[in-house]
Amino acid sequence: MRPATVTLLTLLLVWLQPATAPADMTNDPFGASRKKMVATQIRSRGVSDPAVLRAMEDVPRHLFVPEKLRDHAHEDRPLAIGFGQTISQPYVVALMTKLLDLTEASRVLEVGTGSGYQAAILSRIAKEVFSVEIVSPLHLRAKQTLKETGCTNVTAIHRDGFFGWKKHAPYDAIIVTCAAESVPPPLIQQLRIGGVMCIPVGPPFRVQNLLRITRRAKDDVRTEVISQVRFVPLTRP
Amino acid sequence: MKPGSRAVWVIVFVTSFTLLGHEIALARVSALVQWQNLAAIIIGMAMLGFGASGSVIMLLEPLIKRHLFKSMLLFALAYPISLTLGFILYCKIPFNPFEVGLDPCQIVFLLFKLGAMAMPFFFGAMVVGTALRFFRVSRIYFANLTGSGAGALAVVFLLYRFHPMEIVIIIIATAMVPFLVLLGEKSTLSFVTGLILSVTWTGLLFLSVNGLDLTRVSQYKAISGALTLPDAKILAQRFSPLSTVQAVQATGLRSTPGLSLITPVPVPVHKGLFFDGQAMSPIAPYNGDNTAIAYLDHMPPALAHHLVPMEHRERILIVGMGGGEGILGANLHGFRQLVGLEVDRNVIDLMETEFAGFSGDIYHQENLVVINQDARAYAKSARAYARRARDRFDLIEIRMIDAAGSAASGLAAMHETYLYTVEAIQEFLNLLAPHGVLAISRWVTTPPGDVIKMANIMIHALERSGIEEVAEHLILIRSLQTATLVVSNQKFSQEQIRITRKFCDQRLFDAIYHPGIKIEETQRFIRTEHPVYHDAIQALVSQEATAFERAYPFEITPAVDDRPYFYHFFRWHLVHEILQTGTRTIAFTQWGYLVLLILLAMALGASLIFILIPLVLARDSAAPPLNLSLGAYFSAIATGFFFVEIPLMQKLILFLSAPAVSMGVILASLLVFSGLGACCSDRIFPGRHGLFSSNLLVTALILIYWTGLDKLLAPCAAWPMPGKMAAATASLLPLGMAMGLPFPKGLTLVKEISPTKVAWAFGVNNLFSVIATLGAALVAILFGFDRVLSLAVLFYLAAAMLSLKLASHA
């Protein structure tokens with residue numbers, strides 16, 4: 001191979017690098033913001049699971065928000081991502097992830113890919129993440145971002161989340177990231193006995209109840225109202 | 001241009017016509033594409049624009065006087081231009097009320113939005129104010145009021161035919177008329193040129209509505225979410241002053257609030273009816289096969305059906321039929337005769353025509369009587385023949401017809417309803433068969449206010465109906481998202497309690513309250529930190545109910561007709577909580593109501609600025625006590641006018657039971673009658689003490705109306721709607737005419753004692769109208785409409801006293 005060709009190919013590889021490889025943390029301009037976010041918004045509020053904290057520090061949240069909002073990506077609030085949807089406040093993402101009690105062997109279903117950020121966090125902890133999104137433009141954008149951030153164990157699909165994804169069921173955990181008017185019964189059926197589902201219930205941008213639903217037996221499902229969330233947890237613990 | 005010129009009369013009439021028309025049309029646009037609360041604010045901003053114009057006219061008076069025709073021409077041209085630009089800006093400014101308190105930009109957006117709202121009213125009022133200053137007050141004020149009244153009425157009728165956005169364009173086109181009339185006074189050539197320009201301007205606006213994307217609905221409204229679903233499209237839309245109904249079809253569109261987590265049957269894809277972009281009412285596919293709608297048995301409202309024994313499932317009354325889920329539920333559970341109430345004619349039309357095939361033509365099913373009537377009106381008329389047992393209902397079901405979140409956020413704090421008052425529930429209880437049950441389903445909200453308030457209303461209604469052991473007559477269950485309250489005139493039997501338990505167990509719902517319930521039974525499937533709902537109901541049926549009501553963090557005092565259901569749960573101590581914890585907790589504290597208070601403060605601040613600046617800049621030579629008396633007089637009659645108008649509307653809306661139409665009719669007749677009064681003001685009570693007498697007359701009439709209006713109209717309660725409207729309109733004639741006297745008489749007096757203050761007095765009057773509209777609403781929410789009316793008496797009495805002082809300066 002001639003030196004000129006080698007140089008050209010090297011340049012091409014360098015140019016392609018950011019699009020195919022995981023984000024380079026060492027040159028990450030938002031790395032410090034993320035560390036601060038984890039320390040001040042998540043650890044200080046009682047989320048101490050090392051796997052969750054590590055994931056929150058690792059995943060470049062700014063890449064999942066619209067470009068014009070990147071400077072606000074690590075603020076203690078949700079941000080609008082279009083189509084009436086939001087990327088949840090960092091604390092809510094961490095809290096919901098913690099509530100799922102994931103292990104390295106967990107298989108998780110996410111309903112409502114949205115920006116893809118929650119799936120990225122889950123992918124750092126669980127073995128496999130399956131994510132469904134009904135809004136096509138959101139699905140396409142999230143799929144691209146997940147690819148760019150190296151989340152290879154996430155399988156995203158464009159479909160109606162009401163029916164979950166029976167093909168890969170049962171799941172150890174199910175997380176519904178879009179605030180729902182009701183919990184679709186097919187999701188409960190796809191949760192393995194002993195599995196946990198986490199779901200916020202309530203209209204977007206308003207006060208929502210964060211629920212943890214545990215399937216104890218075939219027709220025995222218990223729900224706990226964990227917290228009332230909007231932008232921060234309610235003042236009452 | 002000469003005083004008394006007919007052209008000025010036409011100019012003022014058309015300007016006033018379009019100003020009020022724009023106010024109503026903009027309120028409808030706002031409710032459709034954004035939020036109802038912004039609609040309420042528009043009235044305030046309109047008056048602020050009016051008030052500011054008064055101050056500006058006073059400051060520029062010498063200049064305007066020197067170039068009167070040119071000034072009028074300039075204002076008449078600026079008015080339609082500002083209408084156009086203000087409207088475009090209003091639609092395009094990206095204000096999101098949900099981010100107030102979190103994003104500082106939102107306050108800036110809000111201010112710009114308020115400015116865009118006020119701008120056209122400012123220029124329109126420059127036309128009217130200049131005419132009032134330089135032409136005969138009584139005639140101009142007559143044109144002003146009759147024009148406003150005609151505008152209100154015309155827009156109400158236009159709202160039946162056109163999209164609110166189209167009405168705004170019609171109004172902008174009409175607003176060109178004053179400019180053209182003035183050009184016509186100059187020369188024919190000018191008129192023709194102006195006409196060409198006006199047509200071009202309106203045409204361009206019409207063509208650019210879609211290009212500028214002015215009709216885009218907020219992405220946070222329910223319909224926007226539905227339209228992001230695959231294959232989504234709007235199948236039909238219908239307009240009325242009540243709401244804009246849009247029917248949407250999309251893959252994956254479903255609405256099953258409170259559906260059991262373990263529903264074993266499939267849920268079909270619905271079509272959805274959206275009301276002003278919110279509150280989806282689902283239309284289920286149905287072909288007579290009840291297995292397709294079996295999922296309805298797995299939602300909390302089905303409990304009420306189960307509580308009526310099969311042999312008694314004779315007659316059911318469904319309040320709020322919407323997409324027909326109530327009918328399907330009744331079919332599923334075997335009710336034999338159905339009576340359905342639907343207040344929106346457009347919904348009935350859509351269900352009987354476009355969606356008849358999809359829905360199985362349920363609106364035409366043989367055992368159903370569809371009644372296009374408000375629930376209160378129906379309850380009143382039904383009471384007469386419901387004395388016979390066979391005409392009573394075994395089940396009355398008030399469907400969940402409100403949007404999710406409206407009660408929780410306080411967004412609808414200004415939007416009252418008479419459906420959920422103690423008197424209304426009593427009327428429904430009177431329509432029940434002895435064993436019958438009344439059920440009402442609500443969203444479970446955070447903070448917990450709505451369900452508890454509704455339970456309190458039902459408890460009070462039972463008590464007022466003479467039931468002693470209320471605790472034995474109430475059942476409350478909840479799912480994750482919704483709650484269903486069931487009450488009965490008879491004690492619930494052990495069998496009914498057993499059915500309730502079984503119903504909940506099979507669906508994983510929690511019984512919150514039923515006779516004999518133990519606390520450990522209340523949180524079996526849905527665990528919260530505290531059993532808030534159970535504790536609340538236990539307290540409300542006990543001797544400590546009043547103490548509990550007072551101590552509860554949110555406002556849960558039962559709504560009554562004098563203080564109807566305002567979706568308002570705010571209490572003042574919450575301000576202290578917000579100050580302590582920062583604005584981030586604002587979401588949990590009925591922030592919609594707080595926004596109203598902030599706007600009231602802003603209106604007050606702006607009013608003071610606009611009142612004081614002209615006095616300072618004009619280096620006024622008049623004695624300060626005169627300024628004070630003048631300001632106080634015009635602010636008192638302005639406040640008094642609105643403090644009369646709003647409770648009267650409340651009384652008459654209850655009488656007419658058709659809020660949107662009756663509001664237009666009442667507003668129009670009150671304005672037209674006041675205009676007539678103004679026109680005759682030179683002849684009624686002439687002389688030195690005419691001002692005093694006219695204010696005293698208004699005070700006396702308010703007292704008479706306060707106590708006598710209900711009695712006067714009572715014999716007409718059973719009349720058909722046109723008759724009732726005529727009776728309501730006629731009843732307003734004496735008061736309306738009297739209320740038209742104090743302003744022109746006052747202004748004529750000002751012309752005598754301090755002519756330069758005419759425009760300023762006009763401004764003060766309008767500025768206090770801002771405060772009065774918001775203030776009357778707040779007083780009504782906090783203390784009831786009777787208190788508003790009593791304050792009106794005080795304001796007019798104060799005006800009478802002040803008029804004596806003003807007369808002494810003459």
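Which residue in β2(B) is the bridge partner of Q237(B)? The partner is Q246(B). This report covers a predicted model, starting with the sheet around that pair and moving on to the domains of chain B.

**The sheet**

Four strands of chain B make up an open sheet. Their order is β1-β2-β3-β4, and they pair in the antiparallel sense. β1 (233-238) and β4 (278-283) of chain B are the edge strands, each pairing on one side only. From one strand to the next, the twist averages 25 degrees.

β1(B) pairs with β2 of chain B, residues 245-249. This pairing is antiparallel and runs over five bridges. Q237(B) and Q246(B) are bridge partners.

**The domains**

Chain B is divided as follows.

| Domain of chain B | Residues |
|---|---|
| Domain 1 | 1-217 |
| Domain 2 | 222-275 |
| Domain 3 | 285-551 |
| Domain 4 | 620-810 |

**Where domain 1 meets domain 4**

Domain 1 and domain 4 of chain B have C-alpha centres 24 Å apart. On the domain 1 side, 29 residues are in contact with 31 residues of domain 4 of chain B.

Three helices of chain B each supply at least two residues to the domain 1 side: α2 (36-59), α5 (105-134) and α6 (137-158). The largest share comes from α6(B), with 13 residues.

What is the make-up of the side of domain 1 of chain B that touches domain 4 of chain B, in nonpolar, polar and charged residues? The residues divide into 16 nonpolar, ten polar and three charged.

Methods. Residues numbered from 1 in each chain as written. Chains lettered and ligands numbered in written order. Predicted model: local features only at pLDDT ≥ 70, side-chain atom pairs only at ≥ 80, totals over all residues. Pairing = 2+ DSSP bridges. Axes fitted to C-alpha atoms, helices over the stretch in contact; angles between N-to-C directions. Domains from an automatic or database assignment. Contact = placed C-beta atoms within 7 Å. Nonpolar A, V, L, I, M, F, W, Y, C, P; charged D, E, K, R; others polar.
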